[in-house]
Amino acid sequence: MALGAADAGGARARLGRALPVLTVLALGVALMYPVALWLGLPLARKRMENLANWLVTTTAAHPLAAVPDDPAAGAAPGARLTFGGAAELEAAAGAPERLVLVKDGAPLAAPFGFDGGELVLEGAVAGPLLTWGAELAGPLDEGLAPGAAGHLFRFADPAEAGRPLYLGGRLLEAGVVDAAERADGVTVAFTFPLGEGPVLVGERLVLEGAGFEADGQRVTLAAPPPFNAPVRRLTADYAVVDAASGTVALAQPSPVPPRAASGLALAELLVGAVDGVNRTFELQHVPLVENDPARRLMLDDRELSSAAERPRERVDGATRTFTFAGARGVVTVDGREAVEGVDYERDGAQVTFARPPTRNAQLRQYPDYLVSDPAAGVVTLAVAPQPGQRLWAASYTYYDRPACGATALDCFLSMPQHPMPFPHWIAQRLGPFLTAYPLADARNVVRATLYTAGGTLLALAVGALLGVLLAVVFVAVRPAERALLPWVIASQTVPIIALVPVLLLLLGNVGVTVQASLVPATLIGAYIAFFPVTVGTVTGLRSVDPLALDLMKSYAASPVEVFWKVRFPAAVPFFFTSLKLGAAAALVGALVAETESNNRFGLGYAIVGQVQAGNVADVWILLLISAALGIGLVALVGLAQRLIAPWERR
Amino acid sequence: MIGAQERAPARPGLLRLRPFWPAALPALVALAGLLGPFGAGGEGLTGALAAPLAALLALALLPALHGGAWVVPAATPFALAAAFLALLAQRALPSVAGWGYWAVLGGALLAAVAATARVSVIDLQGHDPAWQHRLQRALPAAAVAFLLLLAWEGLVVGSRVPKGIFPRVSDIGAALVSSWSVLMADAYLTFVREVAFGLGVGLLFGFLVGTAVAFTPFLQRGFLPLATAFGAVPIVGLAPVLGRALGVDWQSKAAVVVIVAFFPVVLNTVQGLTNVEPLKLELLRSYAASPLQAFFRLRLPNALPYLFTALKVAVVVGVVSVIVAEFLIPGPPNGLGQRISLSAHRGAFDVVFAAILVSSLISMGIYAVVSLLERLLTGWHPSNRGS
């Protein structure tokens with residue numbers, strides 16, 4: 001390459017040579033960022049759109065957040081009340097007509113407005129605003145000294161476990177999330193989409209510092225949880241540990257047990273016209289979780305049933321009349337609503353279709369309501385509510401937001417396995433990865449690199465020796481060349497590497513333990529390196545100046561003398577050039593041999609292992625190492641060339 | 001050494017015998033082997049096969065005994081045919097071969113080798129007939145092909161190696177026929193979807209980048225050393241990474257080919273575009289040719305032979321890389337590499353070799369097509385004018 005700075009001193013010349021290379025290298029590294037995003041963002045977006053990866057939230061009628069001064073006395077117009085779930089209320093604050101005050105499972109008629117997050121009553125509320133339940137038993141986990149702080153408490157009556165809890169006049173908020181990983185009996189590291197409280201393993205509470213170490217959202221437990229045990233983390237004040245026994249766990253230890261209470265709450269009205277005709281209503285938080293056991297929709301003080309009835313008759317494609325348990329309800333065929341008067345006629349519990357439903361169609365009757373579109377939160381009622389009736393949601397579960405983050409970029413960053421890592425992640429992993437195991441361990445990367453390098457060098461030595469021998473034979477014995485050289489050249493297009501599995505099995509049959517031996521790598525690498533060396537050396541031995549040969553003849557030199565004095569020196573540069581080609585090829589051969597033979601000492605096995613483990617940054621590190629190894633091997637051949645044939649300088 | 005260089009005698013009498021012993025002796029051994037047992041249990045030859053076998057061996061022996069330089073090679077086809085017949089005879093027997101079989105097979109094959117070697121040591125001059133030149137070039141290579149196949153089949157049949165350890169040539173042929181449609185579907189995926197697509201994209205990208213590099217001195221200094229160093233990088237190691245990034249289907253394997261093809265194409269494009277005779281450039285300048293004209297009239301044609309060299313390298317390396325990539329990215333079980341890997345793991349070596357055969361033949365075919373294109377498109381170039 002022409003070099004402008006050649007005359008300007010050694011250091012500057014070296015800088016002038018290195019600078020463009022470094023610049024291009026930096027550009028290449030920088031290019032990895034957009035490429036990583038280009039490959040990763042679609043996956044992240046797909047991950048984000050999958051509802052299975054969303055956080056689910058159960059919303060219930062919001063109880064009073066703070067205990068009023070005199071809860072037994074009721075409230076007069078103009079009283080200001082605060083309710084829990086402030087954020088949700090804030091969102092609904094602009095539309096007070098979408099909310100309703102309920103008490104003891106029935107809506108109140110009292111009108112109200114909002115003022116700065118507080119509810120202002122416009123009518124009076126009679127009766128007690130709050131009725132205290134029994135105090136919870138506990139703390140259960142610190143029973144040594146009376147009055148000591150603890151986390152676990154238990155309802156006297158487990159049926160009350162869903163009631164709001166107050167501690168010192170303050171409403172406690174429930175919240176818990178599942179770990180992203182499943183407990184397999186071995187794993188100790190778990191990630192949670194959010195939360196910073198204690199961890200629940202099954203029904204056991206584990207505290208930070210004592211039972212686990214937390215690094216942001218990643219938690220490392222001291223002991224692996226048993227197989228399939230639910231691993232959860234508290235995100236708010238408390239969580240129900242075991243609904244059957246009514247046990248709850250507080251995030252912060254408390255010497256005093258919390259207290260359950262029931263009373264005034266603020267609930268969500270379903271959106272839709274209440275005119276005696278309209279039967280479709282919308283819930284305000286969407287999308288809905290289907291088959292939600294927590295969903296409780298109320299029409300005034302009556303709870304609507306979400307159950308479905310099956311017909312008594314089989315749907316055989318010919319029957320038109322079916323009998324259900326109840327005399328009213330929404331009838332669906334394969335999930336689609338059938339219209340009364342058009343699709344079917346009803347006679348009490350008997351339904352007669354105009355055309356028989358197709359064989360094995362799913363025929364259902366929903367006596368109260370049906371979730372007709374979970375994504376939009378639409379429910380269809382069997383009977384249209386009359387004016388004055390109020391349809392409200394006591395509780396239901398919906399998909400709140402993607403667990404991985406609000407944007408595709410957040411989701412990309414939190415992906416457990418990236419298609420391609422950012423370069424700085426690779427740099428960060430470099431140190432820990434290289435020093436993960438001591439040098440004596442077979443899993444040490446430096447050791448594996450040396451192992452593979454050794455195998456490749458052996459392969460190269462054997463391949464070079466064979467190649468040169470064959471080349472000398474070809475040049476010395478013309479019949480051999482005439483017969484074999486065309487095939488040697490043609491075989492360069494044969495994917496020799498395809499023979500690796502065959503060769504490994506043959507070696508196994510011969511008695512070589514291919515899983516822990518350098519033989520496969522050496523043999524296959526040599527096999528691959530030997531072709532270019534043969535062809536290159538033959539060309540080199542042939543590239544002799546005819547004049548030089550004539551001169552030797554005129555000196556009456558013997559064939560051996562001709563070989564050493566003329567042919568050999570001419571062949572050296574060709575030999576080394578082909579050996580450099582062979583070095584790169586032999587490395588590929590050695591890597592493939594190690595991979596296919598499951599040789600756990602080598603670099604090839606490490607690459608495949610990290611690929612299977614999904615540690616993309618580690619795969620890239622191994623890749624860079626093998627690239628450096630390839631470049632190093634070629635440089636080594638170049639060095640050998642300079643040592644062995646110093647006269648050959650270009 | 002088989003023979004010193006010598007001229008064929010002007011016209012030896014047809015009956016004057018100068019036996020060529022390197023061929024005649026093995027033939028005699030083979031004839032003697034007819035008397036020995038063909039099976040380990042001492043089974044001899046049946047008369048129906050013994051007679052033609054003896055006749056073939058005699059036909060192979062006669063030219064060797066005659067010893068004329070252009071007569072001896074006539075022994076080759078007969079010796080090969082005799083070896084083939086012996087092999088058929090042994091195959092029909094129930095057991096491992098006896099010494100008679102080994103003598104016939106070894107003798108016949110050695111005789112064929114020697115007879116073929118005889119023709120290739122004749123020192124031909126320019127005025128000798130063209131058929132002699134052609135025969136001298138073609139016979140040894142062709143004979144070796146048959147010889148290797150017969151030796152392989154003969155050894156495996158004679159020692160009754162189980163099919164699961166090493167397949168016979170005939171097994172491979174049978175596998176080729178029986179799984180032809182599967183292999184063709186695999187070959188379509190591997191070569192059309194992966195290799196051809198990858199080569200096309202790699203060629204295009206490589207040429208564009210190479211052109212950019214050739215006209216940017218900064219990139220020449222910065223990019224070329226890196227591209228050269230990349231020649232030593234085992235790029236197929238990228239396969240698992242690409243598999244993760246692009247999915248385990250054909251796209252990731254095609255991407256391997258793209259990268260493998262990219263670097264030689266860039267290097268050769270730069271060389272071809274810049275290694276232009278300065279005199280020609282000056283001539284164009286004196287005609288006031290625009291840089292664009294200089295590019296299309298001089299630089300691009302000059303780069304064509306370089307591009308073809310790069311393409312030939314890329315074809316060879318690309319096929320190997322695609323097969324390794326199929327090893328390393330366990331995706332859907334089609335593609336020749338997957339076929340080879342899966343068949344090897346269940347011990348179906350006949351299918352393995354059949355798949356290797358198919359892939360070699362196709363890659364040789366691609367190579368031949370590229371060479372033909374090269375000759376058609378760059379026939380004017382000095383490097384091709386001579387041959």
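Which residue is the bridge partner of Leu299(A) in β24(A)? Keep that in mind as you go through these points, and remember that this is a predicted model.

1. The partner of Leu299(A) in β24(A) is Arg302(A). The two strands involved, β23(A) and β24 (residues 302–303) of chain A, run antiparallel and are joined by 2 bridges. Have a look at the turn too: this hairpin has 2 residues between its strands, and Asp300(A) takes a positive phi near 55° there.

2. Now follow β23 (residues 296–299) of chain A to another neighbour. β33 (residues 391–402) of chain A is linked to β23(A) by 4 bridges, and this pair is antiparallel as well. Leu299(A) turns up again here, standing opposite Leu391(A) in β33(A).

3. On the α4(A) side you'll find Trp425(A), Ile426(A), Arg429(A), Leu430(A) and Phe433(A), and they meet Ala617(A), Asp618(A), Trp620(A) and Ile621(A) of α12(A). Sorted by class, that contact has 7 nonpolar residues, 2 charged ones and no polar ones.

4. The crossing is left-handed. From α13(B), the contact uses Leu336(B), Arg339(B), Ile340(B), Ser343(B) and Ala344(B), while α14(B) brings in Val351(B), Val352(B), Ala355(B), Ile356(B), Val358(B) and Ser359(B). The class count for this contact is 8 nonpolar, 2 polar and 1 charged.

5. How many residues does each chain put into the contact between A and B? Chain B gives 51 residues and chain A gives 49. The largest share comes from α8(B), with 10 residues. As for classes, this side of chain B has 37 nonpolar, 12 polar and 2 charged residues.

6. One last thing about chain B: its domain assignment gives domain 1 (21–161) and domain 2 (176–379). Taken over C-alpha atoms, the centres of these two domains are separated by 42 Å.

Note on methods: Residues are numbered from 1 along each chain as its sequence is written. Chains are lettered from A and ligands numbered from 1 in the order in which they are written. This is a predicted model: local features need pLDDT of at least 70, side-chain atom pairs count only at pLDDT 80 or more; totals for chains, interfaces and linings use all residues. Two residues are in contact if their C-beta atoms, placed from the backbone, lie within 7 Å. Ala, Val, Leu, Ile, Met, Phe, Trp, Tyr, Cys and Pro count as nonpolar, Asp, Glu, Lys and Arg as charged, and the others, Gly among them, as polar. Two strands pair if DSSP finds at least two bridges between them. Domain bounds come from an automatic or database domain assignment. A crossing is left-handed if the near helix is turned anticlockwise from the far one by less than a right angle, and right-handed if clockwise.
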